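Let's walk through this structure together, one region at a time. Please keep the sequence and the 3D view open as you read.

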Amino acid sequence: MPAATVKVLWLQGGGCGGCTQSLLCHEPRPLFAELAGAGIEFVWHPALAAESDHDALTLLAACTDGSRPFDVLCVEGAMLRGPGGSGRFQRLGGSGEALHSWVSRLAARARWVLAVGSCTAWGGFSANTPGNPLEACGLQYDVDTPGGLLGADFRSGAGLPVINLAGCPVHPGWVVDTLEKLALEGLTVDELDELGRPLLYAEQLVHHGCPRNEYYEFKASAQKPADLGCLMENLGCKGTQTHADCSLRPWNGQGSCLRGGYACIACTEPGFEAPGHAFQQTPKLAGIPTGLPVDMPKAWFVALAALSKSATPKRVRENAVGDHLRVRPAVKKGQK
Amino acid sequence: MSRRIVLGPFNRVEGDLELSLDLAADGRSVAAARVNSPLFRGFEQILVGRQPLDALAIVPRICGICSVAQSAAAAQALAQLAGVTPPPNGQLAQRLVQATENLADHLTHFYLFFMPDFAHPAYAGRPWHAAVAGRFRAGSGSAVGEVLPARARFFHLTGFLAGRWPHTLALQPGGSTKAMSSAERIRLLAILREFRAFLEQTLFADTLEAVLALPDADALQAWAAGRAGDLPLFLRAAADLGLERVGSAYERYLSCGAYELLPAGIRQPGAAGTFTVDRLETQKISEDIRHAWLTGPDALPPAQGETLVDADKADAYTWCKAPRYADQPAETGALARQLLAGQPLLCDLVARHGASVTARVVARLLELALIVPQMEDWLRAIVPGEAFCLPVELPDSGEACGLVEAARGSLGHWLSVRRGHLERYQIIAPTTWNFSPRDRHDQPGPLEHALVGLPAGPEAPPTVQHVVRSFDPCMVCTVH
């Protein structure tokens, strides 16, 4: 057991609480035992802590003035600055004060600040709706532009920008691994990607390890919901463009969006909320998807797609457009 | 002049909550309560102008704990708009995902949100306090380390059936995007057996069937006496504190019906201790905004509803609208569902003392005992190889509504589409009913009514906390 305990203070902004609910699904060890084993404890969490009302406000005030030290500020949910800059779309109960004011003050005391979930990182649905009705923003981003509540130049006590655990919701492993990395040896800027996401989950694409890979290789595409084929060509899948390890780090046991039969909607990327097309439909120009796989020049993609389509085995072609296997992989006769 | 106290941030609820309590002259009890939802989410504006099927990606994100229920309501409304009925496999798969969320929510509520209040030092010295505190103290009670793995393992059902939880796109108007293979069906049955074992060993210390067979309140207390298990432990504490007599609201219960098993309806007080049960007529539902920071006509049916902000409105004190049934406040949730289904034990508990902390908690946990065996049946009824999802074509214009039961009660989505885009999207969530503010007739919402007369002030035990949490509020849904 490490000597020093890493203390985590958690606040919920304008969000759905789903990142906390997802976090509670951590496996195999129960969340609190897992974190305690790594020397991490919650100072307070709105959904889980004992302190309520006056006791909670006293605790938060002590964290703000430095008399109650903590290390990590985790914020879950967008920062709501409206209406008219008043912050009245979210006041911290009992305090009469805008939640984002508390976040600003507490961020100044934290060694590390974690934006848990895409709302917190980039601003959420409101920030991606014309007129931004809630005047929402992320901790350090307005959608994909640095800024947000804390400003582009913000650095936490440890000298880092906000660590963006983007995802809608966050995967429990992304939070736990990041906290444990901080407890073990801290984190350097080199271990974050260009958007502040830890590489420990964001150096992969959702495409990596996709169970539909054979369909992708042959461009054997699903045509309607529940089809087994690749979801990229018709049904809106952005797994080849989305940074996250969802196909390698399963959700809820063995799940992922692709395994659930529906498209990756790029929920770790800024602006995923307003893709400019229907979520479950791939936008195309002259029959070619406009969103191409990361790092792939368009001409190559077109050439490769044409070639692989012409080489698609019958089994793959037929299975792609049904909801269960109709043609099994061949078995060599006479094998023992 | 009465003294007003403000309780907030009111934690261990989903989302943001603040209570304002006017104390009676003696300063020891609640004379009047106002429930404030201090967070506004704006989803009804965010949905307008989107393509109708985009609602399936947007509405789950209203709520991280009722995410699937939101999906199901949207999928149902869109199915109605398209005039499509999912095939049997698709209906069963949807129902399984919904039930998983609802039951997991009941477990989360009981173990993580509700029970830690009984570890409060105010109860030190009660015969059950040491046992309860050791088991349920927030974050460190021994039960936490048992319920979290059981809950996580149970959610593997959603990993298989919906890709993940929360926030799935698997529920579609035509059914489910995930067609279950026969191998997966076997593993899902194994997950259900594992969950049943947790319930029977840890929560009830008895079989689900035996729990369901308890006929009345006396049998329940006799069953709880000396029994291991977390529900019996709660029941002994609750009996000592008299919580079967605390927390009644209006005795008007509303349910949309669930799983083709629990009926829709409205149960209301009749003459002298009797009650009536009537068909649910959705056209009698309206939302009143007199005391919300919203502008527009005082009350509108949801199909014509508006959500326009006015943060400076006089006499307003919450972002929550006030849904009313025929102009009357109503309570929704597991207790309402079970009363409308005529569940004998809960009918008896309510016949004696009305709705109460005890009745609401027992109703939720009884649903675990009732629905898990149903889920086993639904899984067995799935036919691998047959269709799970039908293609859907939406009309260019039209109106529809989806009504489902979330863990916390009735959830409705009312949408209208013009020229291929959402023109209006109105949502009434369960806690919007239960935690509604006063309306234009100055009738308090159900929680506001239930809190009147309870002990309050610096010396008071956490009775107010028990009653508030007995509704299992979900504030992020409330203020969608």
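A:Cys74 has A:Leu114 in S7(A) as its bridge partner. That bridge belongs to the pairing of strand S3 (residues 72–76) with strand S7 (residues 112–116) of chain A, which runs in the parallel sense over 5 bridges. Please bear in mind that this is a predicted model.

If you step back from this pair, you will find both strands in an open sheet of 5 strands, in the order S2-S1-S3-S7-S11 of chain A, with parallel pairing. At the edges stand strand S2 (40–44) and strand S11 (163–165) of chain A; each has a single partner strand, so one side of each is left without a neighbour in the sheet. From one strand to the next, the twist averages 25 degrees.

What surrounds this sheet? Chain A contains 11 helices and 13 strands. Its radius of gyration is 22 Å, close to the 20 Å that the globule rule gives for 336 residues, so chain A is as compact as a globular protein of that length. Along the principal axes, the C-alpha atoms of chain A fill a box of roughly 75 × 55 × 35 Å. Of the 336 residues in chain A, 54% count as buried. Among the contacts in chain A with a separation of 6 or more, 69% come from residues 24 or more positions apart.

Now let us cross over to the partner chain. How many residues of chain B are in contact with chain A? There are 70, and they meet 62 residues of chain A. On the side of chain B that touches chain A, the elements giving two or more residues are strand S1 (4–7), helix H1 (43–47), helix H2 (55–58), helix H6 (144–154) and helix H7 (156–162) of chain B. H6(B) gives the most, with 6 residues. By residue class, this side of chain B divides into 38 nonpolar, 22 polar and 10 charged.

Helix H4 (residues 88–114) of chain B and H6(B) have axes 10 Å apart and pack at an angle of about 170 degrees. An angle over 145 degrees counts as roughly antiparallel, and H4(B) and H6(B) are therefore roughly antiparallel to each other. On the H4(B) side, the residues that meet H6(B) are B:Thr100, B:Ala104, B:Leu107, B:Thr108 and B:Tyr111. Facing them from H6(B) are B:Val144, B:Val147, B:Arg151 and B:Phe154. The residues of this contact divide into 6 nonpolar, 2 polar and 1 charged.

Further along chain B, look for an open sheet of 3 strands in the order S11-S9-S13, with antiparallel pairing. Its edge strands are S11 (299–300) and S13 (322–325) of chain B, each pairing on one side only. Strand S9 (residues 285–288) of chain B is joined to S13(B) by 4 bridges, and the two run antiparallel. One of the residue pairs here is B:Asp288 with its bridge partner B:Ala322 in S13(B).

The loop between strand S12 (308–309) and S13 of chain B holds B:Asp310. Is B:Asp310 buried or partly exposed? With 14 C-beta neighbours inside 10 Å, B:Asp310 counts as partly exposed; the cut-off for a buried residue is 20 or more. Leaving aside residues up to four places away in sequence, B:Asp310 touches B:Trp293, B:Leu294 and B:Thr295. B:Thr295 and B:Asp310 are 15 residues apart in sequence, yet 5.6 Å apart in space, C-alpha to C-alpha.

S15(B) and S16(B) form a hairpin with 2 residues between them. S16(B) is also joined by 7 bridges to strand S17 (residues 421–428) of chain B, again in an antiparallel arrangement. Here the bridge partner of B:Ser416 is B:Arg424 in S17(B). In the hairpin of S16(B) and S17(B), with 2 residues between the strands, B:Arg419 takes a positive phi near 45 degrees. As for strand S16 (residues 409–418) of chain B itself, 8 of its 10 residues are buried, so S16(B) is largely enclosed by the rest of the structure.

Note on methods. Residues are numbered from 1 along each chain as its sequence is written. Chains are lettered from A and ligands numbered from 1 in the order in which they are written. This is a predicted model: local features need pLDDT of at least 70, side-chain atom pairs count only at pLDDT 80 or more; totals for chains, interfaces and linings use all residues. Two strands pair if DSSP finds at least two bridges between them. A residue is buried if 20 or more other C-beta atoms lie within 10 Å of its own, exposed if 12 or fewer, and partly exposed in between; C-beta atoms are placed from the backbone. Two residues are in contact if their C-beta atoms, placed from the backbone, lie within 7 Å. Ala, Val, Leu, Ile, Met, Phe, Trp, Tyr, Cys and Pro count as nonpolar, Asp, Glu, Lys and Arg as charged, and the others, Gly among them, as polar. The radius of gyration is taken over C-alpha atoms; the globule rule is 2.2 Å times the number of residues to the power 0.38. Axes are lines fitted to C-alpha atoms, for helices over the stretch in contact, and angles run from 0 to 180 degrees between N-to-C directions. Angles under 35 degrees count as roughly parallel, over 145 as roughly antiparallel, 65 to 115 as roughly perpendicular and the rest as oblique.
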